[in-house]
Structure formats: structure tokens, C-alpha cells
Amino acid sequence: MQSSLVSVPGGVPRRRRSPATLATGSALMLIAVLVAVFGRPGPASAAGTGPCDIYASGGTPCVAAHSTVRALYGSYTGKLYQVRRSSDNATRDIGALTAGGAADAAAQDSFCAGTSCVITWVYDQSGHGNNLGYQGPGGVGGSDTAANATSESLTVGGNRAYSLYINPRNSYWRDGHTTGVPTGSAPEGMYMVTSGTHVNSGCCFDYGNSETTRKADGPGAMDAINFSTQCWFGGCSGNGPWVQADLEWGLYSGGSQSWNPNQRAFTSKFVTATLKNNGTTRFAIKGSNAQSGSLTTLYAGSLPGGYNPMKKQGAIILGSGGDCCNGNTNLSAGTFYEGAMVSGYPSDQTESAVQANITAAGYR
């Protein structure tokens with residue numbers, strides 16, 4: 001329907017907007033609000049928006065995106081992880097049911113029926129090729145083993161899925177220093193969804209930036225989220241588990257070796273943990289229940305003494321510390337559902353929108 005002219009004071013005509021035009025304007029305003037809260041969707045916007053779409057809209061794109069339970073981009077239709085069955089050592093890639101959807105748990109069930117399976121690879125959804133292999137023979141080399149593929153099931157958005165359930169002697173790794181993972185003092189951020197009900201004090205349930213050498217190469221060589229009951233420097237308040245930063249040669253609850261009084265335990269079944277580090281002056285740690293609520297800022301301030309600038313090497317670790325597991329083994333326990341690493345220092349608004357996306361995903 002075309003609009004018509006209407007006179008206004010002063011004699012200058014303007015166009016009267018039709019009901020259809022008004023409705024279109026209202027719809028556009030609603031879209032603008034949704035984009036502001038959840039980030040701009042990718043090409044297949046009908047499939048929804050994932051955490052990595054939100055990070056990209058905030059100017060901090062994902063350089064690694066991992067999950068065994070769902071796609072982290074609204075348009076992602078590829079493989080999420082690989083399982084290997086014990087009966088014949090055959091492997092199968094497990095993908096998403098739909099674009100931006102949950103994992104195809106039924107495909108795993110069918111493939112592993114009558115035998116046991118382990119998770120051998122967790123694929124990178126970002127397109128950078130930062131796939132995580134287990135640190136052992138047949139994986140990326142090392143002394144560890146692959147995690148059992150059926151230790152824990154859950155539902156995401158009403159769809160059944162399996163977690164990456166890490167026990168001691170399970171861990172995953174990737175050398176990503178040439179495939180987009182920030183190095184040196186370059187800024188970066190990351191998040192993971194984990195569990196407050198499967199933890200221990202062993203070293204070290206980490207996800208993030210680590211050494212390419214798989215050795216403890218000094219302060220600033222790592223920049224990873226740690227979630228555990230480990231109290232590195234002592235003086236911790238309570239029993240945890242806590243979201244801390246593994247910066248190498250120490251787990252930091254805040255900006256110094258003294259215990260950060262703003263720290264708190266996260267004991268819920270599903271937990272969101274975030275870390276961001278600008279590489280030269282400051283870092284921030286946040287946590288939340290992954291089923292509801294907003295992120296709590298546990299620390300936002302200066303880097304500890306001796307960590308300015310950072311000296312990140314650009315490997316990716318999942319389930320263990322940086323000086324593992326080539327000649328030694330992982331001692332930690334923890335659960336990994338999803339997580340991503342980004343280039344740049346994410347804004348608080350971006351991290352809040354990612355948390356909103358996680359709670360909307362419907363972890364149960």
C-alpha cells in the first residue's frame with residue numbers, strides 16, 4: 001500500500017505512514033533490540049544465533065570453538081566431535097542435528113551400541129582448524145588417554161547430548177600458534193560451560209591458551225580458565241570450586257598471590273566461566289550459573305606482578321595444565337560442554353549477551 005500526503009503546520013506536506021509501514025518499522029525496531037542483546041546473526045539467521053556470532057558482532061571473533069553438545073554458530077552444520085569404539089577401533093564423526101542445533105546423540109548411540117566408545121577429537125567450529133585431539137598414542141601424542149564418550153548425558157534445548165567428561169589421565173591439546181590463536185601480548189578472551197558437581201583439586205582443569213612446548217615455560221606463557229578446588233597460593237576461602245586464571249606458575253583468583261575476597265564458589269550443575277586478558281595491563285574473571293542469571297565479575301584489574309606483558313605461546317589446552325601430558329599425566333577432573341577462544345578483548349556487553357545465549361540454550 002502506498003503512503004499519502006498530509007498537510008502539516010507551515011504548509012510543508014509530509015507522507016502519512018500506512019499501518020503496514022508502521023508495522024514494518026516496529027519489526028525493524030524489535031530486530032535492532034534483539035541484535036543489541038544477542039548479537040547480529042550470521043548468514044543463516046533463521047537458524048538462530050550462537051555465542052561465536054555474538055563475539056563476532058562485538059568485534060572479537062572466535063579463533064577456536066569447541067563443543068560436544070551443540071553448534072556455537074547459528075549457521076554451523078558441520079561435525080562437533082569424533083568417537084572411537086573399542087570393538088574394532090572404527091571412528092565416527094558426530095555432527096549437529098540442524099544448523100546451529102544440538103549434537104546428534106542418536107548417531108553416537110547407534111555407532112557405539114554393544115561396545116564402548118571414547119572421544120578422540122573435538123572439532124573446531126570456527127574454521128581455523130584448531131581441532132583438539134587427546135594427548136596420547138593415536139591422538140596428538142603424549143601419555144594420557146581419551147575420555148569415555150558416555151560418562152554423562154544431558155539435554156540441551158530438549159535434545160539429548162553427551163559431555164566431554166574429563167577424569168585423571170584424560171586431556172586434549174592443539175598447537176594453534178599459526179592458526180589464529182593469540183600469541184605474545186595480543187589480547188584475547190574465552191569462555192567455557194563446565195560443571196560444579198564434577199571437580200577435584202588435581203592439576204589442572206584448564207581451557208585456554210597454553211605452551212606449544214607442553215612445559216612450564218614461566219609467567220605469562222599461559223592464559224587459560226581454571227575451574228577446580230585447587231588453592232595454589234593458599235589462603236582460599238571456602239571449598240570451591242572457583243573460576244581462576246591459570247597464567248603459568250600459579251592459579252590466580254585476582255591480581256596477586258593473595259586470595260581475592262570477591263571470589264565465590266560455583267557449585268551448580270552447569271557453570272559459565274569467562275576470562276579475558278588484554279596482554280599488557282589487565283585481565284578479568286567472571287562466573288555464573290549457566291541455566292539462569294547474569295555473570296558475576298570476580299576480578300577486573302591489573303595483571304599480577306611479573307605477567308606484564310604476557311608471553312602466550314598459542315597452543316590450546318583442555319582438561320590439563322600446560323606442562324602436561326607428554327611424559328606425565330593429567331591429575332584433574334572436570335566436565336566440558338562448550339567453549340570458545342576469541343581474538344581481542346571482549347566487551348562486558350558482549351560477554352553478557354553470550355551468557356544470555358547460554359541460559360537460553362536450555363541446559364538440563
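Guide: About 50 Å³ of space lies in the largest cavity. The model is predicted, so local features need pLDDT of at least 70 and side-chain atom pairs pLDDT 80 or more, while totals for chains, interfaces and linings use all residues. Numbering starts from 1 along each chain as its sequence is written, and side-chain values use heavy atoms, without hydrogens and water.

Visitor: What makes a space a cavity, and what makes it a pocket?

Guide: Escape decides. On a 1 Å grid over the protein atoms alone, a 1.4 Å probe fits in a cavity but cannot get out; a pocket is open, with protein on both sides within 12 Å along at least five of seven lines. Lining residues have an atom within 4 Å of a point. Volume is the space filled by probe spheres on points joined across faces, edges and corners.

Visitor: How many cavities of 30 Å³ or more does the search find?

Guide: Two, in the whole structure. The largest is lined by 13 residues. Phe 233, Leu 251, Ser 253, Gln 257 and Trp 259 lie nearest its centre.

Visitor: What classes make up the lining of the largest cavity?

Guide: Seven nonpolar and six polar residues, with no charged ones. Nonpolar means Ala, Val, Leu, Ile, Met, Phe, Trp, Tyr, Cys or Pro; charged means Asp, Glu, Lys or Arg; the others, Gly among them, are polar. Phe 233, Leu 251 and Trp 259 therefore count as nonpolar. Ser 253 and Gln 257 count as polar.

Visitor: Which elements give two or more residues to the lining of the second largest cavity?

Guide: That cavity has a volume of about 30 Å³. Strand E18 (271–277) and helix H4 (348–361) are the elements in question. H4 gives the most, with four residues. The lining includes Tyr 55, Tyr 191 and Leu 295. By class it divides into five nonpolar, three polar and one charged. Helices (H or I, at least four residues) and strands (E, at least two) are DSSP runs, numbered from the N terminus.

Visitor: How many helices and strands does the protein chain have?

Guide: Four helices and 23 strands.

Visitor: What lines the second largest pocket?

Guide: The space there is about 150 Å³. Of its 16 lining residues, Arg 70, Ala 71, Gly 100, Gly 101 and Ala 361 are the closest to the centre. Six of the lining residues are nonpolar, nine polar and one charged.

Visitor: Is Ser 163 called buried or exposed, and why?

Guide: Buried means under 20% relative accessible area, exposed over 50%, partly exposed in between (1.4 Å probe, protein chains only). Ser 163 has 0%, so the word is buried. Its place is the loop between strand E10 (159–162) and strand E11 (164–166). Buried residues make up 50% of the 364 in the protein chain.

Visitor: What makes the pairing of Ser 163 and Glu 152 a polar contact?

Guide: The two side chains come to 2.8 Å. The limit for N or O atoms is 3.5 Å, with one able to donate a hydrogen and the other to accept it; residues adjacent in sequence need two side-chain atoms. So the pair qualifies. Plain contact means heavy atoms within 4.5 Å. By that rule, Ser 163 touches residues including Thr 68, Ile 119, Leu 154 and Phe 336.

Visitor: Why does Asp 124 get its burial label?

Guide: Its relative accessibility is 7%, so it counts as buried. Asp 124 lies in the loop between strand E6 (117–122) and strand E7 (132–134). Its side chain joins that of Ser 126 in a polar contact of 2.8 Å. Among its contacts beyond four places in sequence are Val 63, His 66, Tyr 76 and Asn 130. Lys 79 is 45 residues from Asp 124 in sequence and 8.7 Å away in space, C-alpha to C-alpha.

Visitor: Which label do Asn 89 and Trp 249 get for accessibility?

Guide: Asn 89 is at 54%, so it is exposed. Trp 249 is at 49%, so it is partly exposed.

Visitor: What is the phi of Asn 89?

Guide: Near 60°, a positive value in a residue other than glycine. Trp 249 also has a positive phi, about 60°. Most residues other than glycine have a negative phi, and most peptide bonds are trans.

Visitor: Which residues does a cis peptide bond join, with omega about 5°?

Guide: Cys 324 and Cys 325 are another. Pro 241 sits in the loop between strand E15 (223–228) and strand E16 (242–246). Cys 325 is in the loop between strand E21 (315–318) and strand E22 (334–336).
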